[in-house]
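Subject: Structure for you to look at

Dear colleague,

I am passing on the structure we talked about, and below it I have written down what I found. Please read the notes with the coordinates open beside them.

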Amino acid sequence: MIYPDNCLDRLGFTEVKQLILKHCLSPMGQYMVSKMQVMNKFDQINKFLRQTKEFKNILENQEPLQISTFFDIKSLAEKIRVEGSYLMEDELFQIYLSLQTVFSVLRFFEERKDIYPNLEALFEHLPVEKNILKKIETVLDAKGKIKPNASSKLQEIIGDIAKGEQEVRKRMDVIYKQAVASNWVADGSLTIRDGRMCIPILAENKRKLKGFIHDESASGQTVYLEPEVVFTLNNKIRDLEFDKRREIVRILIALTDDLRPYTPLLLSYHGFLTKLDFVRAKALFAIEVEADMPVLVAEPRLKLINATHPLLYLSFKEDKKTVVPLNIHMNENLRIVLVSGPNAGGKSVCMKTVGLLQLMLQSGLLIPAHESSEVGIFDNIFADIGDDQSIESDLSTYSAHLTKMRYFVAHATPKSLVMIDEFGTGTDPQFGGPMAEAVLEVLNNKKVRGVMTTHYSNLKLFAGNTPGLENASMLFDNDQMKPLYVLEIGKPGSSYAFEIAQNIGLQKEVLILAREKTGTNQNRIDSLLVDLEREKKQIYDTKIQLANQQNKVKNLVKENEELQQFLEENRKILIKEAKLEAQEIIKNANKLVENTIAGIKENQADKEGTKQLRQNLQKVLVQHQVKEEKKPEKVIPANLNTPIVTGDWVQLIGTETMGQVMEVNRGNLVLALGDLRSVVKKDRVQKISNKQAKKVVQSNSFSGRISEAIGNFTAELDLRGMRGENAIQEVEKYMDKSIMLGFPFIKLIHGKGDGILRKLIREYLRKYSQVNRVEDEHADRGGDGITYVYFN
């Protein structure tokens with residue numbers, strides 16, 4: 001039950017329906033939207049909500065569901081029912097297009113069976129009767145016009161008309177040319193008058209040509225004459241046109257008679273299209289206001305999370321503003337929320353948001369709130385919003401309020417949702433306050449749910465001391481003197497009357513008088529509320545900061561867990577690959593050792609043969625040699641407490657440069673950096689041990705550099721992809737370094753190709769007297785694409 005009658009208008013539901021109407025494609029869908037009512041059956045509401053949600057998912061996922069063309073085929077089906085009636089071409093074409101849409105939608109859901117179960121219920125047991133389309137296609141073309149071959153007689157008539165028109169045109173051309181040659185014709189060409197082809201003849205020559213005058217010009221100097229010769233032909237054509245029309249009517253009657261048995265099915269298709277248009281419009285509106293389906297419960301309770309007023313959202317969206325979301329809850333223990341706070345602080349919007357979203361949900365509409373919100377079902381929705389004074393009914397503002405209160409008290413139940421704006425106003429506050437308190441107590445005893453706004457202190461005190469009632473306030477920024485539009489449940493809010501008056505510049509003497517007249521106790525209460533509001537604002541800001549930090553920590557923990565999982569998976573993969581590779585190396589090594597032993601036995605310990613086998617073994621070992629990564633030497637600082645003296649070793653901070661102190665001069669040091677001398681500040685160096693310094697000296701010596709070079713050198717050079725000259729240059733450098741370091745052999749990888757690079761390299765190697773011989777790699781390991789160079 002909705003009370004009063006204007007409740008839907010006051011809460012904005014009528015405006016919501018108007019917005020949904022704009023999304024309808026047909027008058028049938030618009031009619032269903034206009035007749036949309038508030039329901040209180042759980043299963044019915046749940047079905048409508050799920051249908052809208054499923055259609056919303058289709059639209060958001062950009063599924064290929066084409067719904068763009070359908071008409072009101074119910075009126076056409078009713079027309080078909082009447083014996084002897086027939087449908088016109090455009091009416092048949094409307095049925096054809098509508099059925100194409102129906103079958104396209106049915107095919108869409110058939111391909112996605114059980115994905116959208118609630119929408120599938122719209123056309124359950126609805127057959128696909130394509131014979132209707134086939135019958136219409138035999139008569140109409142793709143543009144909805146009668147086909148020339150719809151019947152053999154029609155085809156014959158159309159052929160005769162074409163021939164007759166051709167004959168008329170031919171004869172008219174001959175007569176026209178003769179008239180032109182005789183200078184009888186006025187300016188212009190052949191023209192049509194009264195559906196007849198005529199020749200424009202000068203008035204003085206009209207008797208020189210036999211025929212019928214159909215019209216004359218405004219000046220009377222030109223007459224439009226149809227020659228007698230073609231008059232009979234034109235009459236025959238007109239008779240044929242009548243025959244054509246009669247044949248078309250006969251065809252349409254026959255087609256309508258064929259469609260008459262399908263009338264019940266056409267009405268079913270009409271019902272399906274109507275429902276589809278209705279659900280589609282609701283889904284489009286849900287997308288427009290970012291609505292979702294909350295958790296629907298049968299109990300009369302409410303928990304809105306991040307809810308917004310849809311009309312306010314659309315208004316702010318145009319102005320590129322953001323609506324502050326509403327969070328509110330009502331249950332068995334917290335039944336009535338009493339909202340207080342400053343004027344224009346959002347109290348009424350809060351109350352209207354609750355009322356409008358409840359009406360939308362119980363009408364089968366998705367609501368702009370988080371999907372985790374919980375919304376119950378109420379049997380009664382009552383609202384007292386605005387001024388309903390009436391001269392005709394002899395009702396004042398307060399009388400109108402009391403009339404509604406009487407109805408609320410008489411009909412309220414635990415399944416009633418009551419919304420009252422500015423509770424208790426309209427009369428002397430001394431009497432209006434107690435009256436409102438009494439009504440509130442009775443409604444609370446009846447366990448109704450509700451949201452009420454007020455400025456009355458007695459109601460705030462009553463709500464704070466009564467189970468089932470709870471104070472709430474709209475947060476206010478005391479520093480900037482502006483509302484925050486955030487609802488805080490638990491404590492009442494101040495009206496900020498004096499603060500707002502002072503902020504807008506009301507004279508000081510007026511404010512002083514007002515405070516004196518208010519009374520000390522009331523001023524103290526209001527001051528306490530203001531201080532409380534300030535503390536609430538600080539707590540609110542702290543909660544937001546804490547929530548942001550918690551989200552940041554959660555994200556970091558999640559990233560860390562994902563990284564650990566990734567590293568663990570990679571570690572397992574790397575270990576597995578290493579084991580497999582190690583198994584392969586061991587397997588090949590065993591085979592190589594066995595072959596080497598067998599070869600030595602075959603050669604009977606021949607010196608040259610044994611040497612060759614050992615070199616082959618050494619080659620394989622070099623191939624699988626693992627290079628050790630050079631670990632950076634850690635600087636071992638000396639005792640930092642001892643002063644730096646001449647002879648100490650130091651390192652420049654932030655660099656690897658080390659030197660010996662040659663002289664200490666107050667805050668400066670003279671350092672020996674190799675062969676150089678440099679003066680640096682004491683605070684730019686750190687003392688190191690003599691042991692570390694010794695390593696540096698050794699590494700800088702010739703033998704140290706040779707040892708390092710040998711450690712870094714690999715007996716393998718890859719020349720693939722290089723041009724001849726570049727490859728020779730690289731070989732030259734590599735040969736010099738190999739000979740200098742005393743390596744027994746090296747491996748040059750040049751690839752096979754056409755053999756040009758191999759030939760160039762081998763010819764170049766002949767100039768080295770240090771080269772003992774060159775050989776190809778084993779055929780299994782690269783063959784003539786690799787050259788081994790052995791030194792003396």
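How many bridges join strand β9 to strand β14, and do these strands run parallel or antiparallel? In this model, which is a predicted one, strand β9 (residues 334-340) and strand β14 (residues 468-477) run parallel and are joined by 6 bridges; as one example of the pairing, Leu338 has Asn471 in β14 as its bridge partner.

Both strands belong to an open sheet of 7 strands with mixed pairing, in which the order is β1-β11-β12-β13-β9-β14-β15. The edges are taken by β1 and β15, and because each of these has a single partner strand, one side of each is left without a neighbour in the sheet. Helix α13 (residues 347-361) lies across β1, β9, β11, β12, β13, β14 and β15, and runs at about 150 degrees to β13.

Tyr485, which is placed in strand β15 (residues 482-489), has a positive phi of about 60 degrees although it is not a glycine, and with a relative accessibility of 42% Tyr485 counts as partly exposed. Lys447, which sits in the loop between α15 (429-445) and β13 (449-453), is likewise not a glycine and has a positive phi of about 60 degrees; Lys447 is partly exposed, its relative accessible area being 37%. Finally, the peptide bond from Tyr3 to Pro4 is cis, with omega near -5 degrees, and Pro4 lies in the loop that runs between β1 (2-3) and α1 (7-11).

Note on methods: Residues numbered from 1 in each chain as written. Predicted model: local features only at pLDDT ≥ 70, side-chain atom pairs only at ≥ 80, totals over all residues. Heavy atoms only, no water. Helix = DSSP H or I, 4+ residues; strand = E, 2+ residues; numbered from the N terminus. Buried < 20%, exposed > 50% of the residue type's maximum accessible area, 1.4 Å probe, protein only. Pairing = 2+ DSSP bridges. Contact = heavy atoms within 4.5 Å. Axes fitted to C-alpha atoms, helices over the stretch in contact; angles between N-to-C directions.
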